[in-house]
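Me: I am new to this structure. Please walk me through some of the terms used for it.

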Amino acid sequence: MSTHNFSTEDLAKSLLDKLDRSNIFPPLLNNPETFISTLSNLSLLRPRRPPNAFLLCRKNVQEEAKRKGNCNMRVISKVTGVLWKDASPDEKKVYEKLANRVHEIHYKKISKNTKSTTRSPYLSQNKEITTSNPYPVPASFSTSYSPITFGQVSNLGDYTLSIEGE
């Protein structure tokens, strides 16, 4: 039995040959609402950023690759990079317009939800956080800084440190 070790480059070339570029440029997935993540309690505290034009292109490449039977994310990322690099400015502009629309909808949704919902009661309380030191320092130990120079003897409680000069 032989095993094949294909590089990411080989797999990317193979997938690139299989993909239908007309489903990627212009984008087959072009509804901005589908690219906005759902809001949960956690995402209200720190919402995700909306995807940029390249990530929207990657999502379209991923869907097209899924139709062709390849779901390896490394290969999909590699193919997306090649396609994006080779895309014309007009093809990229379509994705940039879509990304701007997703951005607008995303921030409208975030601003609407943060105004209408209240934050967690835990976060709204001003609780003072106290910590205790698991390794207490003896009161006789001085924590003030005093530089030690060569030839000087310093007394640190029960310990004596002697640094001899030249």
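Me: Is Glu64 buried or exposed, and what makes it so?

Reply: This is a predicted model, so the values are computed from it. Glu64 has a relative accessible area of 1%. Buried means under 20%. Glu64 is therefore buried.

Me: Why is the contact between Glu64 and Arg67 called a salt bridge?

Reply: The N to O distance is 2.3 Å. The cut-off is within 4 Å, so the pair counts as a salt bridge. Glu64 and Arg67 are three residues apart in helix α3, which is about one helical turn.

Me: What makes Arg67 partly exposed?

Reply: Its relative accessibility is 47%. Exposed needs over 50% and buried needs under 20%, so Arg67 falls in between.

Me: How do you know that Glu63 and Lys59 form a salt bridge?

Reply: Their side chains meet at 3.8 Å, N to O. That is within 4 Å, so the pair qualifies. Both residues lie in helix α3 (residues 53-68), four residues apart. Lys59, Glu63 and Lys66 are linked in a network of salt bridges.

Me: Why is Arg21 said to tie parts of the chain together with Glu91?

Reply: The closest N and O atoms of Arg21 and Glu91 are 2.9 Å apart, in a salt bridge. Arg21 lies in the loop between α1 (8-18) and α2 (41-45), and Glu91 in helix α5 (residues 89-116), so the pair ties together parts that are 70 residues apart in sequence.

Me: What makes Glu91 partly exposed rather than buried?

Reply: Glu91 has a relative accessible area of 21%. Buried means under 20%, so Glu91 counts as partly exposed.

Me: How many salt bridges does a search of the whole structure find?

Reply: The search finds six.

Technical notes. Residues are numbered from 1 along each chain as its sequence is written. This is a predicted model: local features need pLDDT of at least 70, side-chain atom pairs count only at pLDDT 80 or more; totals for chains, interfaces and linings use all residues. Side-chain values use heavy atoms; hydrogens and water are left out. Helices (H or I, at least four residues) and strands (E, at least two) are DSSP runs, numbered from the N terminus. Buried means under 20% relative accessible area, exposed over 50%, partly exposed in between (1.4 Å probe, protein chains only).
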